Amino acid sequence: MRRLAFLSLAACGLVSAQGSGLDEGRLDPVWFGSAVVFQPSKDLGFQWLKPGLDLQKRSLRLKAWEPTAWLLGKRGTQDQLFLLRVERSLQSDLDKRLRRGLKGALPVSTAAGDVTLIGRVVDAVGAAEDSMVPGTMTLSFDVKLVDGDSGDLLGAFHTTLSGPGTEAVMGQYWRWCEDLGRLLAKQVPAPAAAKPVAAPPPASVPPAFDLEGALRRIEGLKRDGLLSEEECAVLRKKAAAKAK
């Protein structure tokens, strides 16, 4: 079960990284910087995002994880063996599960990208998994999002995961990575919908030439003595040509 110690802070609102003792001393403010103000998160433990963060047209580069910090002091052999089992897959699992959470909102690579994602383990507690009464295992880690050009911090995350075995802890880690991907995907604004192009008005069609009506008018002018037979013949010929 994911460690829930941070929930007691929810009623207090935002938590400054400059404070001490967060997550029982497993959260080191120095690694993130004094500007960070953490907020307890149901899915991610502790989190902070730079106000107004916009990742549109950005790309993520996943760097290799830094060496374990052991903030509470280096653990014993059993703890280090547990970490050895899981640390080799931390980056590759992050790559796979982060993509699942992002759902294509951002390109992800281990070689290139203008936003860098950096992680490190800060504590690990193992247990003898072959024991009849296995103990609780915990994995505590930090992740930060850094602008690749300016070096500015864009996001900060910390959590402690716990469970009765390696598989339980890693299952929570996979969900955590997907939750991180979903959070970052929300920082990519949806493109504005294109305005529909109005259809051009239909071209006006000239009315069909009324040949019969023209001939009647010509005959009427002839009866009234206004046209001679020759003039009527010329007009009839023109009317017939126009009607074709």
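These legends describe close-up views of a predicted model. Residues are numbered from 1 along each chain as its sequence is written, and side-chain values use heavy atoms, with hydrogens and water left out. Because this is a predicted model, local features need pLDDT of at least 70 and side-chain atom pairs count only at pLDDT 80 or more, while totals for chains, interfaces and linings use all residues.

**View 1. Confidence along the chain.** The average pLDDT (the predictor's confidence in each residue, from 0 to 100) is 84 for the chain, and 85% of the residues score at least 70. Strand S1 (residues 15-16) has the lowest confidence, with a mean of 46, and strand S7 (residues 137-147) the highest, at 96. Helices (H or I, at least four residues) and strands (E, at least two) are DSSP runs, numbered from the N terminus. Over residues 1-18 pLDDT stays under 50.

**View 2. The hairpin of S2 and S3.** Strand S2 (residues 37-41) and strand S3 (residues 45-49) pair in the antiparallel sense over three bridges; two strands pair if DSSP finds at least two bridges between them. Three residues lie between the strands of this hairpin. Ser41 has Gly45 of S3 as its bridge partner.

**View 3. Strand S8 and its partners.** S8 pairs with S7 in the antiparallel sense over 10 bridges, and Asp142 has His158 of S8 as its bridge partner. The hairpin of S7 and S8 has five residues between the strands, and Gly151 in this hairpin takes a positive phi near 80°. S3 also pairs with S8 in the antiparallel sense, over four bridges, with Phe157 of S8 as the bridge partner of Gln47.

**View 4. Surroundings of Tyr173.** Not counting residues up to four places away in sequence, Tyr173 touches Trp65, Leu90, Asp93, Leu94, Phe141 and Leu161. Contact means heavy atoms within 4.5 Å.

**View 5. Packing of H5 and H6.** Helix H5 (residues 211-223) and helix H6 (residues 229-242) pack at an angle of about 170°, with their axes 10 Å apart. H5 is therefore roughly antiparallel to H6, a term for angles over 145 degrees. Axes are lines fitted to C-alpha atoms, for helices over the stretch in contact, and angles run from 0 to 180 degrees between N-to-C directions. Residues making the contact include Leu211, Leu215 and Ile218 of H5 and Cys232, Leu235 and Ala239 of H6.

How values were computed: Angles under 35 degrees count as roughly parallel, over 145 as roughly antiparallel, 65 to 115 as roughly perpendicular and the rest as oblique.
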